[in-house]
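Take a look at the sequence and the 3D view, try each task yourself, and then follow the solution step by step.

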Amino acid sequence: MKLRTKVAPLALGLVFAVSTARVAGAQTPPPQPAAQPAAQPAAQPAAQPAPAGADATFTGGVGVLLVQVKGDQTAAYESLIAKLKESLGKNEKPERKAMAAGWKVYKSSEPMNGNTLYVHIVDPVSAGQNYLETYKLISETFPAEVQDLYGKTKDAFVPGGLGRLNLTLVSALGGS
């Protein structure tokens with residue numbers, strides 16, 4: 001099922017779910033840059049271990065990644081997303097083409113605790129791919145630019161402002 005016509009109600013429900021999870025203390029740690037492969041040039045960001053639960057390898061048919069960005073850092077985050085899109089578009093690896101094919105990023109119009117919520121909807125999911133390895137994905141195409149992007153975006157993320165949902169279709173109420 002395509003989510004195009006159902007994004008607004010879904011996003012509203014997701015905002016509620018994330019808020020509820022935050023209150024319950026079930027929120028996942030913020031995204032961290034993925035460790036860079038050893039073959040990358042020295043100009044790459046230093047390898048840092050991903051925090052527990054920071055994996056976004058989806059197991060359902062549809063994946064949702066919720067990312068809170070500090071209100072004054074939206075331009076930096078959106079430049080990161082633009083470079084990710086460009087990188088995936090130029091990457092010749094079939095698994096990267098598959099990731100890009102189903103990945104859309106939405107920006108919520110409603111603020112969340114003074115921050116901006118970005119909703120990444122992946123439909124269909126590319127099995128076995130980690131959608132949080134943003135810097136690694138960009139470095140595959142633009143290795144010389146990753147250090148600068150990291151420096152501009154590393155402080156954009158809200159601590160505890162990451163959520164991940166694996167969705168399995170129960171019923172397509174408007175069709176088959």
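**Exercise 1: A tyrosine and its ring partners**

Are Tyr77 and Tyr118 buried or exposed?

Step 1. Tyr77 and Tyr118 are both buried (under 20% relative accessible area; exposed is over 50%, partly exposed in between; 1.4 Å probe, protein chains only). Keep in mind that this is a predicted model: local features need pLDDT of at least 70 and side-chain atom pairs pLDDT 80 or more, while totals for chains, interfaces and linings use all residues. Residues are numbered from 1 along each chain as its sequence is written, and side-chain values use heavy atoms, without hydrogens and water.

Step 2. Now turn to the rings. There are five aromatic pairs in the structure (ring centres of Phe, Tyr or the six-membered ring of Trp within 6.5 Å; stacked under 30 degrees between planes, edge-to-face over 60, tilted for the rest). Tyr77 and Tyr118 make one of them, a tilted pair with 4.7 Å from centre to centre and 50° between the planes.

Step 3. Tyr77 belongs to helix H2 (residues 74-90) and Tyr118 to strand E3 (residues 115-122), so their pair ties together parts 41 residues apart in sequence. (Helices, H or I with at least four residues, and strands, E with at least two, are DSSP runs numbered from the N terminus.)

Step 4. Look for another partner of Tyr77. Its ring and that of Phe157 have centres 5.8 Å apart and planes at 85°, so this pair is edge-to-face. Phe157 is in strand E4 (residues 157-167) and Tyr77 in helix H2, 80 residues apart, and the pair links these distant parts of the chain. Like Tyr77, Phe157 is buried.

Step 5. Finish with the other rings. Phe58, Trp103 and Tyr131 are linked into a cluster by ring pairs.

**Exercise 2: Strands side by side**

Find out which way E1 and E4 run, and how many bridges join them.

Step 1. E1 and E4 are antiparallel and are joined by seven bridges (strands pair if DSSP finds at least two bridges between them). Along this pairing, Val67 has Leu162 of E4 as its bridge partner.

Step 2. Check how covered the strands are. In strand E1 (residues 62-70), eight of the nine residues are buried, so the strand is largely enclosed by the rest of the structure. In E3, eight of the eight are buried, so E3 too is largely enclosed.

Step 3. Sort the side chains of E3. Asn115, Leu117, Val119 and Ile121 point one way, while Thr116, Tyr118, His120 and Val122 point the other.

Step 4. Zoom in on Gln68, a residue of strand E1. Gln68 is buried, at a relative accessible area of 1%. Its side chain makes a polar contact of 3.4 Å with that of Asn115 (N or O atoms within 3.5 Å, one able to donate a hydrogen and the other to accept it; residues adjacent in sequence count only if both atoms are side-chain atoms).

**Exercise 3: Helices with a buried side**

Which residues of helix H3 (residues 94-102) are buried?

Step 1. Arg96, Met99 and Gly102 are the buried ones. They span an arc of only 145° around the axis, which puts them on the same side of H3 (the arc is that of directions from the helix axis to the C-beta atoms).

Step 2. Look at the opposite face. Turned away from the buried side of H3 are the exposed residues Pro94 and Ala101.

Step 3. Ask what the buried side meets. The buried residues of H3 pack against H2, strand E2 (103-107), E3 and helix H4 (134-139) (contact means heavy atoms within 4.5 Å).

Step 4. Repeat this for helix H5 (residues 146-153), where Val146, Leu149, Tyr150 and Thr153 are buried. Down the axis of H5 these residues fall within an arc of 100°, so they line one face of the helix. They pack against H2, H4 and E4.
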